[in-house]
Amino acid sequence: MRADDGLALSSRNRYLTEGERAEAPALYAALQNIGHRLAQGERDALALERDAAAHLTQRGWKVDYVALRRQRDLKRPEAADLQAGEPVVVLAAAKLGATRLIDNLELVYTA
């Protein structure tokens, strides 16, 4: 379940300051951005992960991981998997202030 702004509902959210709570939806937005880029034809999983992590880091997050994975076995997809439309999920964990937030999103895109 998610709040109206996209933040995953979690008991951890109560530890966020007001400013951090306002920033917190950026994690979900980063995951969505990977989906948008896949839909636009990008197929370099490492670049998608790296760019999302860099974007969050620039916003003050301490990123543990952003990982694009095949749904069926959670292995990193090859470009050929993505080209074939293999179902994927993107997973992320990052610290915002003292709070570690985690999120994931199943991505729908066309091959």
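Tutor: Contact, as used here, means heavy atoms within 4.5 Å. This is a predicted model, in which local features need pLDDT of at least 70 and side-chain atom pairs count only at pLDDT 80 or more, while totals for chains, interfaces and linings use all residues. Residues are numbered from 1 along each chain as its sequence is written, and side-chain values use heavy atoms, with hydrogens and water left out.

Student: Leaving aside its neighbours within four places in sequence, which residues is Arg70 in contact with?

Tutor: Arg70 has its place in strand 1, where helices (H or I, at least four residues) and strands (E, at least two) are DSSP runs numbered from the N terminus. With neighbours within four places in sequence left aside, the contacts of Arg70 are Lys75, Pro77, Asp81, Glu86, Pro87 and Val88.

Student: Is Arg70 buried or exposed?

Tutor: The classes rest on relative accessible area, with buried under 20%, exposed over 50% and partly exposed in between (1.4 Å probe, protein chains only). Since the relative accessible area of Arg70 is 11%, this residue counts as buried.

Student: What is the place of Ala94, and what is its relative accessibility?

Tutor: Ala94 is found in strand 2, and, leaving aside neighbours within four places in sequence, it is in contact with Trp61, Lys62, Val63, Asp64, Thr99, Arg100 and Leu101. Ala94 counts as buried because its relative accessibility is 0%.

Student: How do the axes of helix 2 and helix 3 cross?

Tutor: Helix 2 (residues 25-39) and helix 3 (residues 45-58) have axes that come within 10 Å. That crossing makes the two helices roughly antiparallel, a class for angles over 145 degrees, against under 35 for roughly parallel, 65 to 115 for roughly perpendicular and oblique for the rest. The angle at which the axes cross is roughly 150°.

Student: Which element gives the most to the largest nonpolar core?

Tutor: A nonpolar core is a set of buried Ala, Val, Leu, Ile, Met, Phe, Trp, Tyr and Cys residues joined through side-chain atoms within 4.5 Å. The largest has 29 residues, and Ile34, Leu38, Trp61, Val66, Leu68, Val90 and Leu107 have the most contacts inside it. Two or more residues come from each of helix 2, helix 3, strand 1 (62-70), strand 2 (88-96) and strand 3 (99-107). With seven residues, the element that gives the most is helix 2.

Student: Where does Asp5 lie, and what separates its C-alpha atom from that of Tyr28?

Tutor: Asp5 lies in the segment before helix 1 (18-23), and its relative accessible area of 39% makes it partly exposed. Leaving aside neighbours within four places in sequence, Asp5 is in contact with Arg21 and Pro25. Asp5 and Tyr28 are 23 residues apart along the chain, and their C-alpha atoms are separated by 9.1 Å.

Student: Which phi does Leu74 have?

Tutor: Leu74 lies in the loop between strand 1 and helix 4 (79-83). Although Leu74 is not a glycine, its phi is positive, at about 60°.

Definitions and conventions: Axes fitted to C-alpha atoms, helices over the stretch in contact; angles between N-to-C directions.
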